[in-house]
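Colleague: I have the sequence and the model open side by side, and I would like to go through them with you. Could you take me through the fold and then the packing?

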Amino acid sequence: MESLTNREREVVTLVAHGLNNDEIAETMVLSRTTAKTHVSRAMTKLGARDRAQLVVFAYQSGLVSHRGRQQGVPALGCP
């Protein structure tokens, strides 16, 4: 996770909470293309095959927990 930018970490957190690219874009006030780019770069940096693997990395790293708490990411209205 250290290789990710703060924005990429935030995106991974939102992916872990089940948001799609459109929802990520709306939450972060970005274009859909920018949100998709952040997801793609995070997947590349982490070697994730798909979004599901991003979720696994988010939980394993402690970026999110089963209670939905986030480390280093402001509350975004996600459970």
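Modeller: Helices here are DSSP runs of H or I with at least four residues, and strands are runs of E with at least two, both numbered from the N terminus. Please keep in mind throughout that this is a predicted model.

Colleague: Fine. How many helices and strands does the protein have?

Modeller: There are 4 helices and 0 strands, so that, read along the sequence, the pattern is α-α-α-α.

Colleague: And how much of the protein is buried?

Modeller: Of the 79 residues in the protein, 41% are buried. As for the contacts between residues at least 6 apart in sequence, 50% of them join residues that are at least 24 apart.

Colleague: Let's start with α1. How many of its residues are buried?

Modeller: In α1, 8 of the 11 residues are buried, so this helix is largely enclosed by the rest of the structure. The buried ones are E8, E10, V11, V12, T13, L14, V15 and A16.

Colleague: What do those buried residues pack against?

Modeller: They pack against α2, α3 and α4. Just after α1, by the way, G18 takes a positive phi of about 90 degrees.

Colleague: At what angle do α1 and α4 pack?

Modeller: Helix α1, residues 6-16, packs with α4 at an angle of about 105 degrees, and their axes are 9 Å apart. That angle makes α1 roughly perpendicular to α4.

Colleague: Which residues meet there?

Modeller: From α1 there are V12, V15 and A16, which meet R51, L54, V55, A58 and Y59 of α4. Sorted by class, the residues of this contact are 7 nonpolar, no polar and 1 charged.

Colleague: What about α3 and α4, how do their axes cross?

Modeller: The axes of α3 and α4, the latter spanning residues 51-61, come within 10 Å and cross at roughly 65 degrees. These two helices are therefore roughly perpendicular to each other, and α3 passes α4 in a left-handed crossing. On the α3 side the contact is made by V39, A42, M43 and L46, and on the α4 side by R51, L54 and F57. By class, that contact has 6 nonpolar, no polar and 1 charged residues.

Colleague: Changing topic, how many residues are in the largest nonpolar core?

Modeller: The largest nonpolar core has 21 residues, and those with the most contacts inside it are V12, I24, V39 and L54. The elements giving two or more residues to this core are α1, α2 (21-28), α3 and α4.

Colleague: What is I24 in contact with?

Modeller: Leaving aside neighbours within four places in sequence, I24 is in contact with V11, L14, V15, L19, A35, V39 and R51.

Colleague: I also noticed a histidine. Is H38 buried or exposed?

Modeller: H38 is buried, because its relative accessible area is 15%, which falls under the 20% cut-off for buried. H38 lies in helix α3, residues 32-46, and, not counting residues up to four places away in sequence, H38 touches R7, E8, V11 and L30.

Colleague: Where is the place of L30, then?

Modeller: L30 is in the loop between α2 and α3. With a relative accessible area of 21%, L30 is partly exposed. Apart from neighbours within four places in sequence, L30 is in contact with R7, A25, A35 and H38, and R7 is also among the residues that H38 touches.

Definitions and conventions: Residues numbered from 1 in each chain as written. Predicted model: local features only at pLDDT ≥ 70, side-chain atom pairs only at ≥ 80, totals over all residues. Heavy atoms only, no water. Buried < 20%, exposed > 50% of the residue type's maximum accessible area, 1.4 Å probe, protein only. Contact = heavy atoms within 4.5 Å. Axes fitted to C-alpha atoms, helices over the stretch in contact; angles between N-to-C directions. Parallel < 35°, antiparallel > 145°, perpendicular 65-115°, else oblique. Left-handed = near helix turned anticlockwise from the far one by under 90°. Nonpolar A, V, L, I, M, F, W, Y, C, P; charged D, E, K, R; others polar. Core = buried A, V, L, I, M, F, W, Y, C linked by side-chain atoms within 4.5 Å.
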